[in-house]
Amino acid sequence: MVASSEGGRRGRRQRSELQAARSVRTLLSGPPPRNALAPVALLSDDQVETVHEASLELLEEIGVELMGGAARDAFRAAGALVDDESGLTRIPRDVLLEAVASAPGRFTVTPRNPERRLDVGSDEVAFGLVAGPPTVHDRVRGRRAGNLDDYVTLVKLAQCFDVVHFVGNQPTAPQELPAASRHLDTYLANLTYTDRVFHLSAIGRERTLDGISMTALSRGLDLDEIVEHPSVLTIISVNSPRRFDSEMTDGLMTMAEHGQPAVITPFTLMGAMTPVTLAAALVQQNAEALAGIALTQLVRPGAPVVYGAFTSNVDLRSGAPAFGTPENARATLAAGQLARRYGIPYRSSNASASNALDAQAAYESQMSIWSSVLGGAHLVYHGAGWMEGGLTASFEKIVLDVEMLQMIALTIAPARVDETEVRQGLAAIADVPTGGHFFGSPHTLERYESAFYEPLVSDWQNYENWEDAGAAPAEERATKVWQDALERYVQPPLGDEVAARLDEYVSRRRVELEGEVP
């Protein structure tokens with residue numbers, strides 16, 4: 001028996017009547033996605049232990065350079081061998097392992113809106129906005145120096161897409177503002193235009209303390225109370241190979257002192273900042289990360305901390321950094337195993353070296369994101385908007401990344417396969433004759449609006465319809481998406497009293513900081 005022509009016409013009418021219901025593109029909402037996939041293990045257990053033992057040997061016999069006196073003092077007091085003239089610090093394995101053992105395996109970071117909290121170390125994976133580029137790009141105005149207006153726009157775009165769960169450290173640098181005080185403007189923008197967790201700039205104690213203080217004000221806490229309430233993140237970049245700058249360790253120690261989480265991330269590019277082999281790069285990355293993690297615990301045992309990895313390679317012909325490469329992906333997978341070896345939450349990144357919004361930008365980002373997710377990352381930095389190896393924040397790349405992040409979030413989500421789903425499916429199968437179709441099935445129509453992912457950017461028209469509609473490529477469609485997003489942006493409520501306290505703090509500190517500049 002086959003479906004009748006009347007049934008076919010009825011199915012077409014029903015589909016036509018429901019087309020409007022599918023005009024709204026999918027925008028994920030709610031907390032960060034749960035990752036139902038088991039982490040991929042590139043290394044055997046024995047290989048992980050080999051890297052671990054070599055890392056301890058490196059720290060104990062070769063050492064790391066600590067340029068900050070406070071950091072050297074902390075390690076010296078714990079039993080490390082410190083040369084103050086060179087800064088070289090050799091850390092005995094028992095000192096290191098005892099400190100690292102006190103780092104928590106899971107913690108919660110709660111911003112001014114508690115519904116945006118991040119459960120770091122659970123089965124959730126959180127994606128961040130691009131961080132750090134000095135320039136900005138979009139297809140309307142081209143490439144330009146970072147500025148506060150574009151900074152605010154980038155932060156607003158993060159607020160528009162719930163698959164972007166936190167704001168990185170300065171999505172672009174507002175270069176027109178005084179360097180001594182611009183961090184105040186960026187913190188204020190983060191707290192005003194989003195209600196998400198953000199990353200403060202841990203360059204020295206003062207910038208760090210300003211970020212902690214302003215976040216505390218936004219939550220109605222003081223500096224004593226916020227110690228027990230992690231609320232803001234930072235990243236500490238190791239000046240690889242084996243050097244911790246004084247301002248970085250001062251910022252790191254300030255975060256730990258106040259109970260705020262820091263992400264310790266060696267910047268290990270194989271061939272430039274590490275040897276060219278994966279084995280050697282992992283040993284150095286692991287040693288540097290462990291040294292930073294140990295420092296947080298020497299300051300405050302139990303302080304929240306994250307094992308960060310950013311190991312990739314360079315083009316040996318030019319020295320240029322490369323991202324989204326097989327070497328990058330393999331190192332990301334292996335670093336996740338090392339983080340799990342110590343029971344510490346793990347950070348990785350979405351990165352691409354492409355200078356244009358092209359296929360290279362897409363496939364390098366896909367390599368980066370998938371290796372992060374399969375490697376068990378809890379925080380994925382630069383999740384949306386990274387271009388030019390981190391030199392540019394792109395509005396269109398934010399949209400294309402959001403598309404990829406949403407699809408990946410749905411791919412890794414726990415599957416619903418239970419008795420109810422199976423029984424309803426069997427009933428639907430029985431209702432349709434052999435050789436028929438399910439377009440007009442009640443089972444289909446009841447789920448019409450939510451059955452499948454409806455893309456933000458992808459165009460599924462056939463060639464003729466696509467051509468008739470203007471033949472817009474993906475990057476052109478992405479421009480329309482971010483423009484529409486900004487039109488529907490709604491500033492999250494802050495409260496007049498909180499806003500006034502933040503403004504007063506910024507005004508006071510601006511005078512103090514700019515008065516210090518010679």
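Predicted model: local features only at pLDDT ≥ 70, side-chain atom pairs only at ≥ 80, totals over all residues.

Student: Which are the buried residues of helix α3?

Tutor: In α3, which spans residues 69-78, they are Ala71, Arg72, Ala74 and Phe75. Viewed down the axis of α3, these buried residues fall within an arc of 160°, so they line one face of the helix.

Student: And what follows α3?

Tutor: Gly79 follows α3, and its phi is positive, near 115°.

Student: Now the aromatics. How many aromatic pairs are there?

Tutor: The count comes to nine aromatic pairs. In one of them, the rings of Tyr307 and Tyr346 have centres 6.4 Å apart and planes at 65°, so the pair is edge-to-face.

Student: Where do Tyr307 and Tyr346 lie?

Tutor: Tyr307 is in strand β15 (residues 305-308) and Tyr346 in strand β18 (residues 346-349), so the pair ties together parts that are 39 residues apart in sequence. Tyr307 and Tyr346 are both buried.

Student: What about Tyr463 and Trp466?

Tutor: Tyr463 and Trp466 form a tilted aromatic pair, 5.5 Å centre to centre with 55° between the planes. They are three residues apart in helix α15 (residues 463-468), and are therefore separated by about one helical turn. Trp466 is partly exposed, with a relative accessible area of 24%.

Student: Which charged end sits over the ring of Tyr381?

Tutor: That of Arg347, 4.1 Å from the centre of the Tyr381 ring. Arg144 lies over the face of Phe395, at 5.7 Å from the ring centre.

Definitions and conventions. Residues numbered from 1 in each chain as written. Heavy atoms only, no water. Buried < 20%, exposed > 50% of the residue type's maximum accessible area, 1.4 Å probe, protein only. Helix = DSSP H or I, 4+ residues; strand = E, 2+ residues; numbered from the N terminus. Arc of directions from axis to C-beta. Phe/Tyr/Trp six-rings, centres within 6.5 Å; stacked < 30°, edge-to-face > 60°. Lys NZ or Arg CZ within 6 Å of the ring centre and 35° of its normal.
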